Amino acid sequence: MAHRIEIGFGEGIRDALGEKIRKRIIEHLRIPVDSVQTIEVYTIDGPLAPGELGKAARGPLSDPVIQETAIDHGIARGFDWLIEVGFRPGVTDNVGKTAGEAIALLTGKPVRVYTSRQYVIRGIRDRCALDTLTRADAERIASELLANDLIQRYDIIDGKTWDPAAGIKPYVPRVMGENRPRTEEIDLNVPDAELVRISQERVLALSLEEMRILRDYLKNDAILAHRKEVGLGATMTDAELECLAQTWSEHCKHKIFNARIAYDDGEGNTREIDSLFDTCIKRSTREIRERMGTNDWCLSVFSDNAGIIRFNDDWNLVFKVETHNSPSALDPYGGALTGIVGVNRDPFGCGKGAKLIFNTDVFCFAPPDYDRPLPKRILHPRRIYEGVREGVEHGGNKSGIPTVNGCLVFDERYLGKPLVYCGTGGIMPARIAGTPTHTKEILSGDLIVMTGGRIGKDGIHGATFSSEELHEGSPVTAVQIGDPITQKKMTDFLLVARDRDLYRAITDNGAGGLSSSVGETARLSGGCELDLKKAPLKYPGLNPWEILISESQERMTLAVDPAKSEEFLKLARKMDVEATVLGRYTDSGWFHIRYGEETVVLIEMSFLHDGLPQMNLRAVWAPPRHPEPDFPEPPDLGGALKAMLSRLNICSKESVVRQYDHEVQGGSVVKPLTGVVNDGPSDAAVIRPLLDSFEGIVVANGVCPRYSDIDTYHMAACAIDEAIRNAVAVGASLDRLAGLDNFCWCDPVRSEKTPDGEHKLAQLVRANEALYDLTTAYGVPCISGKDSMKNDYQIGEVRISIPPTLLFSTLGKMEDVRKAVTMDVKRPGDLVYVLGKTFRELGGSEWYALHGAIGNGVPRVQAETAKALYEALHRAISAGLVASCHDCSDGGLGVALAETAFAGGLGIAVDLKAVPAEGIGRNDELLFSESQSRFVATIRPEAQEAFEAALAGCAIARIGEVIPDGVLRIDGLGEKRIIDEELAALKAAWQKPLAF
Amino acid sequence: MSKKISAIVITGNGTNCELEMAHACRLAGFDEVDIVHISELLCGTKRLDDYDFLNLPGGFLNGDDLGSAKAGANRILHAAVAGGRERLFDQFARFIAAGKLILGVCNGFQLLVKLGMLPDLDGLYDRQTVTLTYNDSGRFEDRWVHLRANAASPCIFTRGLRGIYLPVRHGEGKFIPQDEEILERLHRQNLIALQYSNGEYREATTDYPANPNGSIDAIAGICNETGRIFGLMPHPEAYLHRTNHPRWTREELPEEGMGLALFRNAASFLRSNSF
């Protein structure tokens, strides 16, 4: 029989979570409540005696100093409504798992524990003692704030009928094994309409053409003969179909990036592009590496789970950025948590495996104060914001990886799908046991070993689901919740195993699960044979195809030399990590999967990986024209600057940054927040991965989707420039800087649903051309990347497509972190410089957006000029000539000057007439133009000569100085002083919007 | 020739500050510093008895799923060491009885408190009388704080310190004693070694954010009566070099970070005749 243990805070103890929820009920839902109290509930399913229940309750489950416990009765008293929220069957319950382990250790008895939480709510009573809180209010609180119906269930209990002695009856959300595992055969010899239906119903996300290829594959006599030997016929098994759908998904195969594209440039010229990936991204890296010659520091690019570069003779760096958009749309917390712990496994599963040393996150959301009706199945942006923030907090902090850098981008179109970019870097020894670590080798006969978590139904169809738009039937099982601690235990173990050279190769289980991890690594030996029945399951009843493609988290797949397997498994047992031999790698040329003795998949490796024909697509570019705004220069530019500082894309993100541990591992050098009171916005992060060395790493990002409304070429160019100049601003050098591209697009394939697909594809082509042009101009090679192509929402008539978004991330090596520079002004009397020229480039700017306009004059990167500036600036920084340096991005020079000043707590007095500019006649335009490749720097007066000499030939100018008074004083292009604002007021405007 | 001294840094199950903790021990001059996974202790290949200084670093033991360090404390109390009848707890008890040094930082402090090893007013090692719980803000916070040292404290680690500037990085750091009597004894016996304070280390403060979590009487770190067991929420191992300081690019700072002083005190005590 199951029992319930309830844990609540004692009298007079502050319930911080309850407080937070109360605030959210009032702020998000505008329902007045007096108090919220939380009670943790553990439902114990196991043979515990009453004494043991008491020991568990007062032992590991509660804090005797501040909490009280109750067994099989209720703690709550005197409330209006009680809402209890628990998980649906099969949803990962990390706390329940830990509680079960703790109780087993305490009592020696195996138990299953399921957790839920009560929110005990009291309304505000008015003088007439009328109930102000209705059941409908409680329903709203439960469904719109506390519970996510996809993964959680809730009960609402009326305070008037509550009997604490009886409490709530225990409910055990056990997964019932509904069937005996079985494999279904699917006949593909059916009419086309039926093929399409099969693809849709099974969430295969395969096109009719692809379904036909699968159908025809089974018409080959040689293949049929071989199938017959293992008991398979001329129909496809569900496992085969699912496995092929995963492997051939847009998510895994990047069909659009590899497509043959006929590109019409809108001026009557049509060009053929044979794979954007090959001709733009890989080609750029190849050319840059050729130029570097013997100094090439790239080690592994585009071939593994992450990119690998050299750090020094003894260490390599690894970096990867991924997105987890679709799951985060459905369950922001679980989706984002899985996003971060998922991308952790990429560097970890790269080469021989890297120790993880930093995270970086970029989120794109709709504004949190969105106040119009929400389309069906869309969660409120504020809820997405809080959920994603918390998911990444738990994933990053609990994994002990510092979140060193990131940003938040707001645009209403991210209502359709939020973008959750998570990146992770790692470091690994350059050699282990004398062998380089950046390559992978697997020999026929090596064992396939899975380690870490168990397999459940969670995350089934994640890869195919993310290859579609968000629609009515988007599958619930695609959502999952990660468990950072299971993963941490596994990575602790695998790093020891790696250093003892106990495995040959490692890869992660992400999208597509085993079908993908084993399918990919089996290419190295030339085949595999694996028994799904050996895989450890979370609960019985999974069909073989489900085991094969489940995306249950925290799992790595390893190739282990049979001679070392015993030692490997022994170490796993000792360190309390599950490791299971599932089969072996072969050189048979076949991907052979069994369930016990029964073969459920037999596919040629060549068909699995190369059977998919190249897509043929058409792209047509037609540059949009937007009306030019015609508002006059506002008289109050001080007020305008404050309005700009309060823009969501500009304002302080401190409330989010503080909740991420950005210093764990002890190597923090430039933190995300800097300045006289530690709250200015750093341009990039600098960390020291080896504590006994001063060699460092620079990490930065660039993202500017608003420019996509004008031209994605310039959007991409600006994102790349931003990521590079952010890195340069803190001291990175162009010649040791690597890039990562991460494209999030709206569906660029023309169809009935997407009539403008050719335009969106042309946008993709243009962004890639910019990527080629810019990365080659700067000599910054991309080492890895990712794309997510279906970021649309379609339910009924409502279609929302995100703005095409490229996140460009940079990773640089810094020879000596003690040369790093931060963005805050340092001393009164220092000279203020602007580096780089300002043009009238306000198209897509925050200034125009503030006036409800887009315009057309999008910023254009002049890479050759910028490169010279970046190199010169790097020389100046290396020589110790620069006191502060801050890049100009959203909000331009005006915002950069204000941030520089208030971060340092000292005023700045400048004259706009001195700013290097061209074609600008208005103060507002000079202040807020978003021309690229510019910085605000401050210099000690005694360094002036050397600094100007170092930057000779670049467009720089001294525009004023740092002053002791706490004001920003700007003289305009005319005779007038146009801004004279207290720093405190500017800073308050900047800090207020997101200070929740 | 001075005595050889050794330090053990325990890791595993979600601990994550072990590298910088070990680095601090090395910089402080320990002759031998081992990062030991808890499984090594449980299977008996390593023993606490072989070390002089036990470090319990920060992290999230078992995700802090049952409240900070609760599941971790449960393990130490109840897990048996292989090949004998000993529990891990017995090794801890022996270590303390031998007068050796224990430092718990953040999650390690939470662990010591929940085990009952701090403040341990009755010398029983296993009765919890204070706790560390959710910050008043209801959120995890990473921020630097000023800490005022109590010159009258018997704490070995804070000897000679007036104040120290370190980061906190926690969601459950609010110090609450079981009752007034316990609090009064902590004050009377000067077991409150560190308090959150204003910028000049002059006065303890309960004002947010200088006191980042709402700790009663601004308590940031406490020791036991012998001063040999010490726990604190802020991270001394996060400030070992001036480049760790959030304002190192704008202030004149000594090369060595302030956090190292605690480890140096531990080392000199262990080398001294009083040990």
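This is a predicted model: local features need pLDDT of at least 70, side-chain atom pairs count only at pLDDT 80 or more; totals for chains, interfaces and linings use all residues.
Residues are numbered from 1 along each chain as its sequence is written, chains are lettered from A, and side-chain values use heavy atoms, without hydrogens and water.

**Exercise 1.** State which residues of helix 4 of chain B are buried.

Solution. Helices are DSSP runs of H or I with at least four residues, and strands are E runs of at least two, numbered from the N terminus. Helix 4 of chain B covers residues 88–97. Buried means under 20% relative accessible area (1.4 Å probe, protein chains only). Seven of the ten residues qualify: B:Leu88, B:Phe89, B:Gln91, B:Phe92, B:Ala93, B:Phe95 and B:Ile96.

**Exercise 2.** Find what these buried residues pack against, and what follows the helix.

Solution. Take contact as heavy atoms within 4.5 Å. The partners in chain B include helix 2 (38–42) and helix 3 (70–78). Strand 1 (6–11), strand 3 (53–56), strand 4 (101–105) and strand 11 (229–232) are also partners. After helix 4 of chain B comes B:Gly99, with a positive phi near 75°.

**Exercise 3.** Compare chain B with a compact globule.

Solution. The radius of gyration is taken over C-alpha atoms, and the rule is 2.2 Å times the number of residues to the power 0.38. For 275 residues the rule gives near 19 Å; chain B has 17 Å, which agrees. The C-alpha trace of chain B spans about 55 × 45 × 35 Å along its principal axes. Of the 275 residues in chain B, 67% are buried.

Terms used
Buried means under 20% relative accessible area, exposed over 50%, partly exposed in between (1.4 Å probe, protein chains only).
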